[in-house]
Amino acid sequence: IENGVVILGAEQMAVIGVNGYAAEMFGMGRQEDVIIPMEIQPIPAEFQSDSKNVMTAVIQPPDGRDLRIVWQQFDQSGAAKRAAADATGQGSTLGDVLMIQAEQRGKPVPVMIHYDKAIWSGLSWAAGEIRVGDLDAATELTIRCASMTSSTVDMQCRVYSVRY
């Protein structure tokens, strides 16, 4: 914040109180554990439907960069379609309902996700990251996005290279 201007980086969000709400007692603090990327670039990836609510793409990973996979699901009218885990608390979390998987040479590659919770309102999107240390830049990477939602959804999947 400088001279009344707030400059935010990619994916950053700020809540700013004015007048009486600018007092420190209304402060929400800072989320220090979130690391904002220095650069995010889209990677061309042609996702193809494998089966109902499953999309797969094969890409050549960029050298020296992490990967971010983001996908969203929509109903037949084009509206965001939320998926929810088992509300009884005895079933799946959203990581089991909105899935992102990756593999190289037929072996799984770890995908870090942070939405693997039982969120009562559900989500219409999934996002995960693959760290550069888990990738072989010389080997094609297969990315699979899947929705375990019972209804058929339209899926939009994207891949980005990320530099921190």
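The structure holds six salt bridges (a side-chain nitrogen of Lys or Arg within 4 Å of a carboxyl oxygen of Asp or Glu). This is a predicted model, where local features need pLDDT of at least 70, side-chain atom pairs count only at pLDDT 80 or more, and totals for chains, interfaces and linings use all residues. Residues are numbered from 1 along each chain as its sequence is written, and side-chain values use heavy atoms, with hydrogens and water left out.

**Exercise 1.** Find the salt-bridge partner of Arg163.

*Solution.* Start at Arg163: its partner is Glu39, with the closest N and O atoms 3.4 Å apart. Strands here are DSSP runs of E, at least two residues, numbered from the N terminus.

**Exercise 2.** Decide whether Glu129 is buried or exposed.

*Solution.* Recall the cut-offs: buried means under 20% relative accessible area, exposed over 50%, partly exposed in between (1.4 Å probe, protein chains only). At 8%, Glu129 counts as buried. Now look at its salt-bridge partner Arg131, 2.7 Å away from N to O; Arg131 is partly exposed at 30%. Shared partners join Asp66, Arg68, Glu129 and Arg131 into one network.

**Exercise 3.** Work out which strands pair with β3.

*Solution.* Two strands pair if DSSP finds at least two bridges between them. Strand β2 (residues 48-51) runs antiparallel to β3, joined by three bridges. Strand β9 (residues 141-147) is also antiparallel to β3, over six bridges. Finally, five of the six residues of β3 (residues 54-59) are buried, so this strand is largely enclosed by the rest of the structure.

Notes. Helices (H or I, at least four residues) and strands (E, at least two) are DSSP runs, numbered from the N terminus.
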